[in-house]
Amino acid sequence: MMQIYPFPYKDDSKESMFEFGASLKADICFGISGELLQELWSNFTFGKSNLLLEERRNDGGCSICFGDAPVQTCTEGMSYVLEVDLHGVCIAAHDHAGLMQGFMSLLQLIRPVSLADGAETFCIEGCRIEDKPGLRFRGIHLCLFPGMELFALQKIIRLCAFMKYSHIILEFWGSLRFDCLPELAWENGFTKDEIRPILQEAKALGVEMVPMFNHLGHASQSRARYGKHVVLDQDPGKALLFEPDGWTWNIRNPETLAILAAIREELLDLFGEGEYFHLGFDEAHVFAEDLDSEARNELLLDYMNSLCEELCRRGRRPMIWGDMFLEHKYWAENPPEKGRYSATSFEEYRILPRLDKRFLVTDWQYYMTEGEIKTNRYFEELGFEVLPCPWNNYDNLGNTVCEAKTHGMAGMLQTTWGNLQEDIIVIPYSGSAMWDNACRRYSKEELGVIRIKAMHFIRKLLPSGGRYDRAGWKENEV
């Protein structure tokens, strides 16, 4: 049987083969996006086979059956079951996400026999796959910077769904036009009507899209090294919305709070139903400088706890980065841990005991390539649930995912920041590592195979149509 990515929990081969040609009937349960299934099926059969869909409304089953395969039921504890015999294929699951995960596995099993016009033939080897993830929350944080094409974002989100991520956190960096403050987007910012279909497709693929907007630092909506400020470069008269350096929101200004509340409202409406909202709170180096540390901490504590209460009341669990709440002197300067942990706080770490424990802490640590990540335990001991967050170092990533599994954590959040299109291989690598029930690191050889597989998957998930600027994942070859 062909290798499936991510590796399934259990797969058994059968002495049988299912063959089909230029068309194949499929019986789908109500609510599944038939057009999306048809598009992906065509892509993975080289444009030579079409699905003929029949929608099943009334039996309450959660399955997709191809050909004349009998309806299956999903094994308890599994995300999906995929059965192939000479009659056809059936995918059974407990929910929509499981069905789509099974469909992504099925696409990888299709093999062409003949692609000649009029003689199109494909086969799928007989098998039974029972599959479930090693981690419940399998997330990735994507930054949408000005200049990224929507086609590229759609390709990336399809790849994430293909690799069975459960959540995608989408952060706009001056790239989304808000009604409450138009200057929050550059002239090439996307409208909500342009973004909405991308979010809807992700939902159809079984992935929850999580809105993010930084509510303290990164108020410039730009990386500090490049010096842009999306609001003040366009309208210097908006200066009082920010602290004097422009990097941090002025949370003592009622107008600022009103705008941030309106931003949350717009994002919640755009993203629709969901479980989480990421509030940021990383790298706010300077704010309320005229206050002493105690008064500044009280200001921050009241602000954060009020945000938490509001979002929880609306059914959204707030997420925050953890770096600002780690004492730099202890975590970053304390031998033998010196240089291993990222901690950017001054005195803000002192508010942790009184910070609302409903916050989900996303703890990014990029230099922990081996051993326990002690900041995860630190936040947990204080009563917070934690998601460890690696970046693009594969030893760090492998160690982090093993940390999450070994300690029975809810999951992991992969970060990408400004390196996404340079290092897109992190998506299939991290997705595979989080789904895999084993706690192991991939070798350099396996990483090389995943890189080649990723090229193959991306080409089929959203074909370029022969356009160079839409092929691959970089605009050029250098």
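Is Ser-105 buried or exposed? In this predicted model, Ser-105 is buried, its relative accessible area being 0%. The residue belongs to helix H2. Beyond its neighbours within four places in sequence, Ser-105 is in contact with Ile-4, Tyr-80, Leu-82 and Lys-164.

The protein chain as a whole comprises 11 helices and 16 strands. Its radius of gyration is 24 Å, close to the 23 Å given by the globule rule for 478 residues, so the chain is as compact as a globular protein of that length. The C-alpha trace spans about 75 × 50 × 45 Å along the principal axes of the chain. Of the 478 residues, 56% count as buried. Among contacts between residues at least 6 apart in sequence, 75% join residues at least 24 apart.

Burial extends to the whole of helix H10 (residues 426–435), in which 10 of 10 residues are buried. The buried residues of H10 include Tyr-429, Ser-430, Ser-432 and Trp-435, together with Val-426, Ile-427, Met-434 and others of the helix.

Rolling a probe the size of a water molecule over the atoms shows where empty space is left. The structure holds 4 cavities of 30 Å³ or more, and the largest cavity has a volume of about 40 Å³. Its lining is formed by Ala-97, Met-100, Gln-101, Met-104, Ala-161, Lys-164, Tyr-165, Leu-205, Gly-206 and Val-207. Helix H2 (residues 96–109), the helix that holds Ser-105, gives the most to this lining, with 4 residues. By class, the lining of the largest cavity consists of 7 nonpolar residues, 2 polar residues and 1 charged residue.

The largest pocket has a volume of about 880 Å³. It is lined by 33 residues, of which Phe-145, Pro-146, Gly-147, Met-148 and Gln-421 are the closest to its centre. Helix H3 (residues 150–162) gives the most to the lining of the largest pocket, contributing 5 residues. This lining contains 16 nonpolar, 7 polar and 10 charged residues. The second largest pocket has a volume of about 450 Å³. Among the 17 residues that line the second largest pocket, those closest to its centre are Arg-223, Arg-225, Glu-283, Trp-391 and Trp-417. The lining of the second largest pocket divides into 9 nonpolar, 4 polar and 4 charged residues.

The cysteines were then considered. A disulfide is a covalent bond between the sulfur atoms of two cysteines. With a cut-off of 2.5 Å between sulfur atoms, the count comes to 0 disulfides. Cys-62 is in no disulfide, as the nearest cysteine sulfur, that of Cys-29, is 4.7 Å away. For Cys-312, the closest cysteine sulfur is that of Cys-308 at 4.0 Å, and this distance is too far for a bond. Cys-312 counts as partly exposed, with a relative accessibility of 23%.

Several backbone features were also noted. Most residues other than glycine have a negative phi, and most peptide bonds are trans. Lys-164, however, has a positive phi of about 65° although it is not a glycine. Phe-46 likewise has a positive phi, of about 60°, and is not a glycine. Phe-46 is located in the loop between helix H1 (34–44) and strand S3 (50–56). A cis peptide bond joins Tyr-5 and Pro-6, with omega about -10°. Pro-6 lies in the segment before strand S1 (10–20).

A further loop, between strand S11 (208–212) and helix H5 (254–271), contains Leu-232. Leu-232 touches Lys-238, Ala-239, Phe-242 and Gly-246, residues up to four places away in sequence not being counted. Leu-232 and Gly-246 are 14 residues apart in sequence, and their C-alpha atoms are 7.9 Å apart in space.

Notes:
Residues numbered from 1 in each chain as written. Predicted model: local features only at pLDDT ≥ 70, side-chain atom pairs only at ≥ 80, totals over all residues. Heavy atoms only, no water. 1 Å grid on protein atoms, 1.4 Å probe; cavity = no way out; pocket = protein on both sides within 12 Å on 5 of 7 lines; lining within 4 Å. Points joined across faces, edges and corners; volume = space filled by probe spheres on them. Helix = DSSP H or I, 4+ residues; strand = E, 2+ residues; numbered from the N terminus. Nonpolar A, V, L, I, M, F, W, Y, C, P; charged D, E, K, R; others polar. Buried < 20%, exposed > 50% of the residue type's maximum accessible area, 1.4 Å probe, protein only. Contact = heavy atoms within 4.5 Å. Rg over C-alpha atoms; globule rule 2.2 N^0.38 Å.
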